[in-house]
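We will go from stop to stop, picking residues and looking at what surrounds them.

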Amino acid sequence: MRSVLKVDTFFPDFVDNGFVDTDTPGDYWDSLTPEKAFLARAFTEYCVKTKHEARVEAVLPVVTALAFRIQTSFNTLIEHSKQASEYQEEHNPFEASPNRDANWEAEQLDLEFIVDQLFKIAVNLDYGDEIGRRKMFILVREMISQKGLPEGLVPGCLDVLRKLTPSERDYIRLVVEVIQVMRDPGIDMDQEPVSPCMVLHPTTHLA
Amino acid sequence: MRRAALLATPTTERTLNAIVSRIRDIDDSIRKQVFLHSLPQIPHPRVLTIVQRERILRTGLGDREAAVKDAAQALALKWFDALDGDLVKFLETFDLVGGDVAEQTLTAMFAGRPALLDAISFEGGYFLPGLCGQWFR
């Protein structure tokens, strides 16, 4: 099984520079559960819908902090995914334990759900700060490129990517790039001309 | 169960299922009766199953009668108060992944008690936007 890269190389300065205070005991965002993620997301969307954006800004983490949370939640998800394949490698599938599988399945769904809720929060943040915008962009761009990203998370990830790209044209180019690299990892994106037609006319795609 | 009978029937363990079954009664006055008088008698939301709670809220909040909608909203807030005014605890009584009734309910609660929005904070371990707007770390 192709191993999935952990997204841990992009924020080396976070913890070192004390950017994110991970020493606060019982921090809401440190111990996310589906309910906590859901609440934050529903609250955000409600405030945006009822024009209470100021409330959102007052209460949510800044972009860089949220990006960090997305990264850690995603890493937790990937770690959890690995447990399944390790278990399968060690055990005879005919002896699979249904309880254990059901528990793992439920936990996996919860972890996916959390990441998805965070994406939906990310879409509603203010990206005025260029540094924050850049960090979030790099993160989601990396995530969308990973084959290990669960299918259910693709739409949410793309929504954030769309929010962070200046124009629809740039967004399409970016997605095409990602797809091209996924199909042919050996491709050197600096050499290849990017043609949006590859997406719109799938019958002409590479074999 | 007709209106007079419903009025005369206290909500108890024995009568609960019969009462809950009336939430989709064709008769508006029966539904109003159920949401305004019978269901609020339930001592604590955990007396119900998750399916019952979700069905009650989804049906009530989606009712065509404003009085029923309002009563369902009030019921949600009552259950929230019974769960220590803790929104996270309240959400744990729903199946978040399976449907959108939690979403509907939260929206109704924010609309019905705007002070909730002001009291929400995502710092610390959890928060308690109760009447005093206290929160704990």
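Which residues are linked with Arg31(B) in a network of salt bridges? Select Asp28(B), Asp63(B) and Arg64(B) together with Arg31(B), and you have the network on screen. A salt bridge here is a side-chain nitrogen of Lys or Arg within 4 Å of a carboxyl oxygen of Asp or Glu.

Before moving on, a word on conventions. This is a predicted model, in which local features need pLDDT of at least 70 and side-chain atom pairs count only at pLDDT 80 or more, while totals for chains, interfaces and linings use all residues. Residues are numbered from 1 along each chain as its sequence is written, chains are lettered from A and ligands numbered from 1 in the order in which they are written, and side-chain values use heavy atoms, with hydrogens and water left out.

**Stop 1: chain B as a whole**

Color chain B by secondary structure. You will find eight helices and zero strands; helices (H or I, at least four residues) and strands (E, at least two) are DSSP runs, numbered from the N terminus. Of its 137 residues, 47% count as buried, where buried means under 20% relative accessible area, exposed over 50%, and partly exposed in between (1.4 Å probe, protein chains only). Among the contacts in chain B with a separation of 6 or more, 53% come from residues 24 or more positions apart; contact means heavy atoms within 4.5 Å.

**Stop 2: helix H3 of chain B**

Now select residues 28-38 of chain B, which form helix H3. Its buried residues are Ile30(B), Arg31(B), Gln33(B), Val34(B), Phe35(B) and Ser38(B).

**Stop 3: Asp25(B)**

Step back to the loop between H2 and H3 of chain B, where Asp25(B) lies. Is Asp25(B) buried or exposed? It counts as buried, because its relative accessibility is 6%. Its side chain makes a polar contact with the side chain of Arg22(B) at 2.6 Å, and it also reaches the backbone nitrogen of Asp27(B) at 2.8 Å. A polar contact is a pair of N or O atoms within 3.5 Å; within protein, one must be able to donate a hydrogen and the other to accept it, and residues adjacent in sequence count only if both atoms are side-chain atoms. Leaving out residues up to four places away in sequence, Asp25(B) touches Arg2(B), Ile30(B) and Arg31(B).

**Stop 4: more salt bridges**

The structure holds 15 salt bridges over all chains. Here are some to pick:

- Asp81(B) and Arg113(B) meet through their side chains at 2.9 Å, N to O. This pair links distant parts of the chain, 32 residues apart: Asp81(B) is in helix H5 of chain B, and Arg113(B) is in the loop between helix H7 (101-112) and helix H8 (115-119).
- Lys89(B) pairs with Asp84(B), with the closest N and O atoms 2.3 Å apart. Lys89(B) is partly exposed at 29% relative accessible area, and Asp84(B) is partly exposed at 45%.
- Glu79(A) pairs with Lys82(A), with the closest N and O atoms 3.8 Å apart. They are separated by about one helical turn because they are three residues apart in helix H4 (residues 63-90) of chain A.

**Stop 5: between the chains**

Show both chains. In contact here are 22 residues of chain A and 21 residues of chain B. The area buried between them is about 1,900 Å², of which carbon and sulfur atoms give 72%; buried area is the accessible area (1.4 Å probe) that two parts lose on being put together, summed over both. In chain A, select Glu35(A), Leu39(A) and Tyr46(A), which lose the most area to chain B, together 32% of what that side buries.

Next, pick Arg41(A) and Glu103(B), whose side chains meet in a salt bridge (2.7 Å, N to O). The count between the two chains is one salt bridge and six residue pairs in polar contact, both residues at pLDDT 80 or more. On the side of chain A that touches chain B, helix H2 (34-49), helix H3 (53-59) and helix H5 (98-122) of chain A each give two or more residues. The largest share, 13 residues, comes from H2(A).

**Last stop: Met136(A)**

Finally, center on Met136(A), one of the residues with the most contacts inside the largest nonpolar core, which has 85 residues. Such a core is a set of buried Ala, Val, Leu, Ile, Met, Phe, Trp, Tyr and Cys residues joined through side-chain atoms within 4.5 Å. Among the residues that Met136(A) touches, not counting those up to four places away in sequence, are Val63(A), Ile70(A), Tyr127(A) and Leu164(A).
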